[in-house]
Amino acid sequence: MEHGSIEQFYHNVDTVSGGESFKAFVDVLFVEETLAAVRVLEEGWGDRIDFTDVLLLLKMNGEWKCVAKAYNQNSNTIQK
């Protein structure tokens, strides 16, 4: 399990290129007036890592904002 500050997360995202083979797919799990949840399947981040993300969104002042993210690095891409 990995956790840390949002600044560290942004640093990690900013310093690793998505790569040539990176793809992402979004599934809307549900939408309820001002609350939504989505699943994002990421394949080939940095040309080698697959993730499954779950994002929680709130509609604030008419705009959807991501307020929480949890993710799993798929087990077949974890380096030991």
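**Salt bridges, sheet and core**

Colleague: Which residue forms a salt bridge with arginine 39?
Modeller: The model is predicted. A salt bridge needs a side-chain nitrogen of Lys or Arg within 4 Å of a carboxyl oxygen of Asp or Glu. For arginine 39, the closest N and O atoms of the pair are 2.6 Å apart, and the partner is aspartate 27.

Colleague: How many residues apart in sequence are the parts that arginine 39 and aspartate 27 tie together?
Modeller: Aspartate 27 sits in strand β1, residues 23–32. Arginine 39 sits in strand β2, residues 35–45. The pair therefore joins parts separated in sequence by 12 residues.

Colleague: Are arginine 39 and aspartate 27 buried, partly exposed or exposed?
Modeller: Buried means under 20% relative accessible area, and exposed means over 50%. Arginine 39 has 33%. Aspartate 27 has 30%. Both values fall in between, so each residue counts as partly exposed.

Colleague: Which strands hold aspartate 53 and lysine 69?
Modeller: These two residues form a salt bridge, with their closest N and O atoms 3.7 Å apart. They are 16 residues apart, and the pair links distant parts of the chain. Aspartate 53 is in β3 (residues 49–60) and lysine 69 is in β4 (residues 63–73), so the strands are β3 and β4.

Colleague: How many salt bridges does the count come to?
Modeller: Another pair is lysine 65 with glutamate 63, where the closest N and O atoms are 3.3 Å apart. Lysine 65 is partly exposed at 36%, and glutamate 63 is partly exposed at 48%. The count of salt bridges is three.

Colleague: Which strands are the edge strands?
Modeller: Four strands make an open, antiparallel sheet in the order β1-β2-β3-β4. An edge strand here pairs on one side only, and these are β1 and β4.

Colleague: How many bridges pair β1 and β2, and which residue is the bridge partner of phenylalanine 30?
Modeller: The two strands pair in the antiparallel sense, over nine bridges. For phenylalanine 30, the bridge partner lies in β2 and is alanine 37.

Colleague: Which residues does valine 38 touch, beyond four places away in sequence?
Modeller: Valine 38 belongs to the largest nonpolar core. Its contacts beyond four places in sequence are Val26, Asp27, Val28, Leu29, Asp53, Val54, Leu55 and Leu57.

Colleague: How many Å apart in space are lysine 59 and glutamate 33, C-alpha to C-alpha?
Modeller: Lysine 59 lies in strand β3 and is partly exposed, with a relative accessible area of 37%. Beyond four places in sequence, lysine 59 touches Glu33, Thr34 and Trp64. Lysine 59 and glutamate 33 are 26 residues apart in sequence, and their C-alpha to C-alpha separation is 8.0 Å.

Definitions and conventions
Residues numbered from 1 in each chain as written. Predicted model: local features only at pLDDT ≥ 70, side-chain atom pairs only at ≥ 80, totals over all residues. Heavy atoms only, no water. Buried < 20%, exposed > 50% of the residue type's maximum accessible area, 1.4 Å probe, protein only. Pairing = 2+ DSSP bridges. Core = buried A, V, L, I, M, F, W, Y, C linked by side-chain atoms within 4.5 Å. Contact = heavy atoms within 4.5 Å.
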